[in-house]
Number of protein chains: 2
Amino acid sequence: MQNSPTDGKTRARGRPRAFDREAALARATRLFWEKGYAATSIADLTEAMEIGAPSLYAAFGSKEALYVEALGHYRDTTEDLVWADFLAADTAREAVKALLMDSAAALTGCLADMPTGCMVTLSAAGSEGNAELGALVRAARAVGFERLRDRLERGREEGEIPASVDLDALARFVQTLQNGMSILARDGASRAELEGVADVAMLGWDARVGV
Amino acid sequence: MQNSPTDGKTRARGRPRAFDREAALARATRLFWEKGYAATSIADLTEAMEIGAPSLYAAFGSKEALYVEALGHYRDTTEDLVWADFLAADTAREAVKALLMDSAAALTGCLADMPTGCMVTLSAAGSEGNAELGALVRAARAVGFERLRDRLERGREEGEIPASVDLDALARFVQTLQNGMSILARDGASRAELEGVADVAMLGWDARVGV
DNA sequence: GGAATTATGTAGCGATCGATGCAGAATTCT
DNA sequence: AGAATTCTGCATCGATCGCTACATAATTCC
């Protein structure tokens with residue numbers, strides 16, 4: 001957790017790090033994303049990051065700490081792809097539609113050179129025996145639900161959604177779809193196929209939020 | 001893959017097996033179900049199955065072969081819980097509703113003493129480096145889609161669903177929901193919460209299959 | 001009662017797991 | 001220049017990985 005040599009203008013003492021910490025983290029993130037926590041070995045990581053094991057441990061602490069940083073890097077680099085349009089939408093309906101459509105594109109790797117599926121959604125770190133990482137990814141998954149819930153709440157306040165609608169259930173419905181899309185994407189579903197799922201979901205919107 | 005001592009009336013030669021093969025397989029299935037393929041070690045398995053490693057290898061061949069058998073055992077013991085009502089329903093609408101409702105119950109462990117989430121849906125064996133097991137679980141996941149697709153096709157033939165409806169997209173939509181429910185269940189969602197998701201989904205049915 | 005066959009328990013195989021000790025190299029501070 | 005500091009590559013740690021050789025126990029066949 002030391003400062004990078006390029007932090008500010010002051011140079012750290014001692015021998016400077018010979019690799020780009022961010023680039024190495026990006027490669028580790030991709031590997032964890034593709035294979036999961038337990039199935040990714042230190043040897044896999046050092047090979048992909050092109051550094052020695054002692055350098056990995058000096059820079060990141062441990063495999064577990066590296067995974068935590070990888071989750072942060074994942075959020076920093078992919079969150080906007082899926083949530084930007086959602087947050088900018090004028091109505092809850094348009095927000096949900098944008099979320100599902102952008103998810104269809106992002107999860108199939110159409111928006112950037114990235115693995116398919118969501119790293120957080122597909123992470124089984126919790127079931128793999130590591131309780132702390134399990135709590136972390138579960139918390140990360142809960143963030144999506146909260147965002148949805150808040151946006152629907154705003155829709156109710158603005159008169160877009162009747163008070164009779166169960167917002168929790170509706171938010172969980174959208175979250176369920178988004179989660180399920182990750183699994184279809186990992187199985188090879190195309191962007192068009194996932195957009196078709198989103199279309200079907202939105203066709204029922206008026207029936208769900210009406211009355 | 002030898003015959004069990006209790007197969008038929010003839011007793012196998014040699015020393016009889018000292019454990020119940022089916023019971024041991026059931027315990028192995030539960031462990032793979034909970035932890036996944038890669039994160040479950042032979043030591044974990046032998047402890048849960050209460051047998052020695054040589055007995056495990058004599059009876060099941062290898063960790064990989066045991067996982068294949070566990071997938072079969074899982075199918076044999078849980079498939080009906082989720083698909084029986086679907087297959088017996090009179091209409092495509094009722095079939096889909098039954099599938100989602102029964103999934104809500106089964107995936108939260110309400111129908112039997114079992115782990116939460118679907119073993120097949122949540123299996124990351126494909127991403128964990130084992131290509132053969134990956135193809136196997138992917139094929140198992142595809143079965144659900146085919147069942148849905150076929151039932152919707154029948155609904156079209158029987159006049160329940162208009163010809164204008166994209167059956168592939170609709171089937172994929174239901175499959176996406178069912179997949180997503182496994183992840184919510186693994187994160188602790190209740191049966192009522194998942195039934196709420198199913199309710200929301202069904203509220204949009206007429207809007208989706210109409211016109 | 002052997003001979004043949006199969007299962008069990010101990011003990012350990014080579015390989016890989018996550019993680020480190022250590023010597024030397026590269027840099028800053030004084 | 002020399003001390004202090006930090007990173008790198010080599011070698012390896014003890015633990016665990018999936019798996020098995022071997023001797024012994026338990027059974028059927030002859």
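**Exercise 1.** Which residue of chain B forms a salt bridge with Asp187(A), and how far apart are the closest N and O atoms?

*Solution.* Before starting, note that this is a predicted model: local features need pLDDT of at least 70, side-chain atom pairs count only at pLDDT 80 or more, and totals for chains, interfaces and linings use all residues. Residues are numbered from 1 along each chain as written, chains are lettered from A and ligands numbered from 1 in written order, and side-chain values use heavy atoms, leaving out hydrogens and water.

Step 1: look for a side-chain nitrogen of Lys or Arg within 4 Å of a carboxyl oxygen of Asp or Glu. Step 2: the partner turns out to be Arg141(B), with the closest N and O atoms 2.6 Å apart.

**Exercise 2.** Work out how much area chain B and chain A bury between them.

*Solution.* Step 1: take the accessible area (1.4 Å probe) that the two parts lose on being put together, summed over both. Step 2: that comes to about 2,800 Å², 68% of it on carbon and sulfur atoms. Step 3: on chain B's side, Thr176(B), Ile183(B) and Val200(B) supply 18% of the area buried against chain A, more than any other three residues.

**Exercise 3.** Find which part of DNA strand C faces the protein.

*Solution.* Step 2: check a phosphate oxygen, which sits 3.2 Å from an N or O atom in the side chain of Ser41(A). Step 3: for a base, a backbone N or O atom of Arg15(B) lies 3.1 Å from a base oxygen.

Note on methods
A residue is near a molecule or strand if one of its heavy atoms lies within 4 Å of it. A polar contact is a pair of N or O atoms within 3.5 Å; within protein, one must be able to donate a hydrogen and the other to accept it, and residues adjacent in sequence count only if both atoms are side-chain atoms.
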